[in-house]
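Q: I have a protein model open on my screen, and I would like to learn how to read it. Could you walk me through it?

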Amino acid sequence: MTAASAGAGPRTLGRYELIASIGSGGMAEVHLARQRGPMGFEKLVVVKTIHQQLASKRAFIDMLLEEARVAALVKHANVVDIYDLGEAGGEYFIAMEYLEGEPLLSLLYAGKQGQRLDVLSTARMIADSARGLHAAHEHHGMSGQPMTLIHHDVSPGNIVILFTGEVKLVDFGVAKAEDAVTEGGAPVILKGKVGYMAPEKVRHQPVDRRSDIFSLGVVMWEALTLRRLYRGDDEEAARAILAGSPPAPSEGNPDVPVELDLVCATAMAADPSARYP
């Protein structure tokens with residue numbers, strides 16, 4: 001890594017030239033970057049750099065990089081493409097596909113301002129998200145063994161809608177990696193989205209792909225109604241999730257057909273065995 005001095009241009013990280021910071025969270029800073037190559041080759045990518053205070057936490061780094069390595073094997077139109085994992089000068093990074101679009105969260109906000117998508121277009125986005133999840137859940141390694149990849153953090157912020165209309169899932173395994181961060185022996189949750197967690201996850205029980213299905217069901221409910229399903233602070237949201245029996249989305253949006261009510265109800269069943277497998 002070479003840090004550019006003031007006015008000397010962007011700094012580089014490995015083979016990537018970091019152009020601009022486009023976001024930051026509890027785990028990493030997100031950069032728009034340029035990958036250069038011979039014959040004038042250039043490619044815009046997104047590079048996530050892990051915060052320095054986390055780089056020393058071996059359990060976190062190992063799990064994050066392992067999850068990213070496995071996710072990089074999933075090649076599907078509805079899953080963000082991960083290009084590279086690396087380390088330069090003690091700084092860990094993940095390079096991935098640059099997506100020209102907006103997170104579903106932004107579309108839902110626009111809907112509340114009067115630019116609402118119709119029900120079938122909304123259902124199409126959820127169906128495409130489900131295709132991406134299914135591709136990850138069903139992925140097998142070179143040996144033919146299932147990889148048991150779970151997203152762990154399906155939410156409106158991790159579903160990106162491209163300006164072309166395509167749907168991309170991002171940030172596989174980040175929530176699981178965050179759970180690996182420890183401080184004084186106790187887990188530190190950096191960015192919890194309790195309102196999208198399956199009941200078994202709220203109870204700290206083992207989870208499988210069906211926890212992702214529950215989360216996507218919550219996202220579908222919210223996309224159809226333009227309302228938060230499990231509101232309040234984390235404790236209030238957790239209690240509501242464990243209480244079960246959410247209302248049908250048609251109660252908040254009369255344009256929702258009964259068929260989509262049934263899809264939401266099945267996806268968000270309290271018992272994992274009653275959900276879509």
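Predicted model: local features only at pLDDT ≥ 70, side-chain atom pairs only at ≥ 80, totals over all residues.

Q: Where is Asn253 placed?

A: Look in the loop between H8 and helix H9 (258–267).

Q: Is Asn253 buried or exposed?

A: The cut-off for buried is under 20% relative accessible area. Asn253 has 5% relative accessibility, so it counts as buried.

Q: Which backbone atom lies 2.9 Å from a polar atom of the Asn253 side chain?

A: That is the backbone oxygen of Leu224.

Q: What should I know about phi before I look at the backbone?

A: Most residues other than glycine have a negative phi. With that in mind, look at His204, which is not a glycine and yet has a positive phi of about 60 degrees. Leu226 is another non-glycine residue with a positive phi, near 60 degrees.

Q: Where are His204 and Leu226 found?

A: His204 is in the loop between helix H6 (199–202) and helix H7 (209–225). Leu226 lies in the loop between H7 and helix H8 (234–243).

Q: How many residues does the largest nonpolar core have?

A: It has 57 residues, and those with the most contacts inside it are Ile50, Ile159, Phe172 and Val219. H7 gives the largest share of this core, 8 residues. Apart from it there is another core of 9 residues, including Leu13, Val47, Phe93 and Ala95.

Q: Now for the whole chain: how many helices and strands does it have?

A: The protein chain has 9 helices and 11 strands. It has 277 residues, and 45% of them count as buried.

Q: What share of the contacts with a separation of 6 or more comes from residues 24 or more positions apart?

A: In the protein chain, such residues account for 57% of those contacts.

Q: And what about the surface?

A: The protein chain exposes about 13,800 Å², and 55% of that is supplied by carbon and sulfur atoms.

Note on methods. Residues numbered from 1 in each chain as written. Heavy atoms only, no water. Helix = DSSP H or I, 4+ residues; strand = E, 2+ residues; numbered from the N terminus. Core = buried A, V, L, I, M, F, W, Y, C linked by side-chain atoms within 4.5 Å. Buried < 20%, exposed > 50% of the residue type's maximum accessible area, 1.4 Å probe, protein only. Contact = heavy atoms within 4.5 Å. Areas by Shrake-Rupley, 256 points an atom, 1.4 Å probe, with all protein chains shown as cover. Polar contact = N/O pair within 3.5 Å; in protein donor to acceptor, adjacent residues only side chain to side chain.
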